[in-house]
Amino acid sequence: MNKLLKNNYEVNKSSPVKLLSHHLLAIEGMQKSEIQKLLDRADYFANLDKHTDTKNLSGYVVLNVFFENSTRTRVSFELAARRLGAEVINISLINSSIKKGESLLDTASTLNAMKPDLLIVRHPHSGAPILFAEYLSCSIINAGDGRHEHPTQALLDALTIKRRIGYLEGLKISICGDIANSRVARSNIHLLTTMGAKVRCVAPSTLMPSNLEKLGVKCFNDMKEGIKDADVVMLLRLQNERMSGTENPSEREYFNFFGLDETKLSMASPNAVIMHPGPMNRGVEIASALADDTNRSLIKTQVEMGVAVRMSIIEALNHSKNKT
Amino acid sequence: MTHTIFKSIKLINPATNFNQKVNVVIHNETITNISKDLHLEKFNKNNQTIIYDCEGLTMSPGIFDMRVNIGKTENLKFTQITAAESGITSMAILPNQTPKLNNPSIIDHIKRQSEDINLPKVIVYGAATKDLNGLEISEIGLMSEMGAIGFTNGNKSIKNSLVMRRLMSYATMINRPIIQHAEDEDLSGLNQASTTSIRGEMNEGEISTRLGLIGIPACAEVIMIERDIRLAKLTGAHYHVAHVSTRDAVNVIREAKRSGLYITCDTAPPYFSLNESKLLTYNTAFKLSPPLRSEDDRLAIIEGIQDGTIDAIASDHRARSKDTKAQPFSAASVGASGIETLFSLTLDLVHKKIIDINKAISFLTINPAKILGINSPSLEEEKLADFIVFNENEPNTIKQENLKTGPTPFDGKKIYGKILATYINGQAAFMNQIFKNKIIK
């Protein structure tokens with residue numbers, strides 16, 4: 001395992017990454033080497049003093065288009081783009097897609113006519129960023145689409161793990177909670193399995209999507225079993241807004257069986273770390289004290305890594321577009 | 001008085017199990033002569049005889065499409081004209097249009113409005129429940145007297161068991177079938193208000209999981225059929241299941257037919273041609289109801305077609321505008337065009353050696369007519385000249401840009417077979433240039 005701690009290839013962390021596509025729509029389908037390079041470049045950014053000049057994207061226009069509420073993702077993207085010297089405009093279009101008159105594509109092409117270089121899209125419908133990419137000429141980043149994917153979250157989670165543990169390959173990682181409704185879970189499953197981690201999913205059967213094991217993971221309904229010897233326990237938010245009231249009897253019952261507390265965590269590896277993409281429901285997915293345990297919880301590091309990861313992605317998309 | 005002669009044409013007539021090369025003569029709206037030897041001198045006395053050289057071509061009864069939605073993108077006449085160009089001589093339309101076909105006067109109105117000697121005949125289903133709300137049964141007796149041929153809630157299922165029982169029971173008095181879109185709408189999440197995000201969008205399975213779309217389990221179909229079969233047994237009704245899409249449904253229907261119940265069903269080309277993997281790019285042309293199912297389900301539909309469990313093939317035409325389809329998958333409209341591709345996709349089963357051509361034609365003609373209690377079309381002497389002329393083997397590619405309705409889920413598919421002419425009441429409702437050139441002076 002030790003050799004995995006070292007990078008067995010030459011990395012030039014000081015130059016932008018080139019990707020196969022000039023969009024980041026999903027982790028599924030990305031190559032291992034692309035992910036590696038993005039993480040390495042992000043690691044480089046994360047190590048920089050925040051006053052270091054990284055502004056090499058002046059004149060680059062980024063539209064942050066959010067059809068769904070978000071604080072951390074939107075701010076994180078904005079900071080990342082600004083640190084690269086790009087112009088950022090935030091547009092909140094919550095509920096506007098269901099307003100009569102303007103279709104999503106009309107909205108998109110209106111925005112496109114303003115000639116942005118990059119559109120960062122969050123949308124409640126799975127696949128919406130793919131539709132944007134089909135019709136628009138600028139680069140698209142999927143900042144979360146329905147229950148489909150949230151690729152930048154998976155990349156920042158991976159960077160967080162790498163910086164703490166050193167490597168991904170062979171790690172036992174348990175993703176726990178509302179898998180069915182989670183785009184974070186899907187992106188993490190694709191990324192972590194691509195990188196060679198052993199991924200397990202833990203959820204009540206009502207929140208476990210059909211045929212999930214076909215994505216290369218092991219599925220558990222018993223949390224203690226599912227996190228046994230795990231190196232990383234990743235929790236997901238219970239997405240009540242995407243449920244019909246038939247998934248889960250009550251929050252206290254959920255916490256009893258699927259909330260992370262000391263007893264359940266004792267099943268995991270003694271050095272196991274805890275992650276959560278936020279926002280978290282304390283006392284539902286995780287005991288409050290565990291969330292604040294700085295020795296074990298990486299929740300704040302995740303947020304911090306978000307900016308570095310998004311810098312590496314924005315820069316890479318610009319680089320990939322220019323060079324193709 | 002013009003006679004039209006179709007010389008050396010292969011005549012396929014499922015009603016009499018006929019498949020031979022003959023000469024067919026029509027006069028006014030009637031077939032006057034079918035024979036192997038053509039005595040031209042009988043006709044040559046006057047100049048009004050038209051002869052088409054039909055060597056290599058095939059004639060069969062015109063298609064009876066038993067499931068057509070007239071959507072917002074079309075009006076009835078447009079659909080009739082498109083249907084004629086597609087080889088359809090009769091079509092049954094669903095009651096879920098605007099206004100709803102839920103009372104005798106509108107049934108009468110549609111019938112009159114659509115009457116045109118040279119366009120496909122329009123047959124009307126009445127709304128099984130008032131306002132298609134599934135709660136109160138509508139005036140199915142009066143609608144039946146006005147010509148409604150069967151009763152259905154269209155693209156919504158008749159959900160309430162008591163309502164279904166009463167409907168079936170009542171329908172036995174007027175000898176009409178109850179047609180069901182079989183789907184447990186609670187299970188598929190479709191009973192949720194449109195703003196909630198748990199409405200079923202595609203077949204449930206690995207692909208729905210990958211795409212993050214809400215799955216509709218395959219059993220949502222068979223659950224409804226199993227209930228209905230019990231009610232059909234209780235009431236003695238003729239129960240017809242529309243667009244069957246799953247293996248379990250085919251199995252249950254097969255069993256019920258064996259037990260002697262009066263149960264029939266149809267399917268549509270997407271369900272024997274495509275499977276759910278088509279959705280992997282979120283292409284909304286494949287957003288259908290019922291959804292495209294697994295490959296195993298598709299194979300079961302083919303088995304059902306082969307062994308006769310499935311009685312008919314309908315287009316399930318539900319054309320949609322580009323605007324309502326150019327949306328994220330969850331927000332896009334449900335349905336696809338069908339009438340223009342029904343013939344060639346059914347013929348595809350023949351080219352793939354799944355069924356023979358006589359059987360394929362039966363699925364499109366006499367079988368649906370029999371289900372709906374309409375006189376079976378038959379190409380015999382002294383019978384009505386409603387037929388199509390086609391080339392069985394002409395290679396072709398379905399292209400959206402060549403179609404008048406959309407979206408087609410078959411864009412780019414290579415097929416064989418082309419409709420050259422459609423005759424309704426002895427007159428050409430459609431004839432393409434290739435056929436016009438077949439005329440012998």
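Visitor: Which residues touch the most other members in the largest nonpolar core?
Guide: In this predicted model, the residues of that core that touch the most other members are A:Leu119, A:Ile120, A:Ile175, A:Cys176 and A:Val233. The core holds 118 residues.

Visitor: Which element gives the largest share of this core?
Guide: The largest share comes from α12(A), with ten residues.

Visitor: What does A:Ile175 touch, not counting residues up to four places away in sequence?
Guide: With those left out, A:Ile175 touches A:Ala185, A:Asn188, A:Ile189, A:Val199, A:Cys201, A:Met234 and A:Leu236.

Visitor: Let us turn to domains. How is chain A divided?
Guide: Chain A has domain 1, covering 17-150 + 306-323, and domain 2, covering 151-302. The centres of these two domains of chain A, taken over C-alpha atoms, are separated by 25 Å. Domain 1 of chain A puts 26 residues into the contact, and domain 2 of chain A puts in 22 residues.

Visitor: Which element gives the most to the domain 1 side?
Guide: On the side of domain 1 of chain A that touches domain 2 of chain A, α2(A) gives the most, with six residues. That side of domain 1 of chain A divides into twelve nonpolar, six polar and eight charged residues.

Visitor: What span should helix α6 of chain B have?
Guide: Helix α6 (residues 219-235) of chain B has 17 residues, so at 1.5 Å a residue it should span 24 Å. Its end C-alpha atoms are 24 Å apart, which agrees.

Visitor: Which of its residues are buried?
Guide: The buried residues of α6(B) are B:Ala220, B:Glu221, B:Val222, B:Met224, B:Ile225, B:Asp228, B:Ile229, B:Leu231 and B:Ala232.

Visitor: What covers them?
Guide: The cover over the buried residues of α6(B) includes α4 (161-173), β11 (178-180), β13 (215-216), β14 (239-241), α7 (247-258) and β15 (263-267) of chain B.

Visitor: What comes just after this helix?
Guide: Just after α6(B) is B:Gly236, with a positive phi of about 75°.

Conventions:
Residues are numbered from 1 along each chain as its sequence is written. Chains are lettered from A and ligands numbered from 1 in the order in which they are written. This is a predicted model: local features need pLDDT of at least 70, side-chain atom pairs count only at pLDDT 80 or more; totals for chains, interfaces and linings use all residues. Domain bounds come from an automatic or database domain assignment. Two residues are in contact if their C-beta atoms, placed from the backbone, lie within 7 Å. Helices (H or I, at least four residues) and strands (E, at least two) are DSSP runs, numbered from the N terminus. Ala, Val, Leu, Ile, Met, Phe, Trp, Tyr, Cys and Pro count as nonpolar, Asp, Glu, Lys and Arg as charged, and the others, Gly among them, as polar. The expected span of a helix is 1.5 Å times one less than its number of residues. A residue is buried if 20 or more other C-beta atoms lie within 10 Å of its own, exposed if 12 or fewer, and partly exposed in between; C-beta atoms are placed from the backbone. A nonpolar core is a set of buried Ala, Val, Leu, Ile, Met, Phe, Trp, Tyr and Cys residues joined through C-beta atoms within 7 Å.
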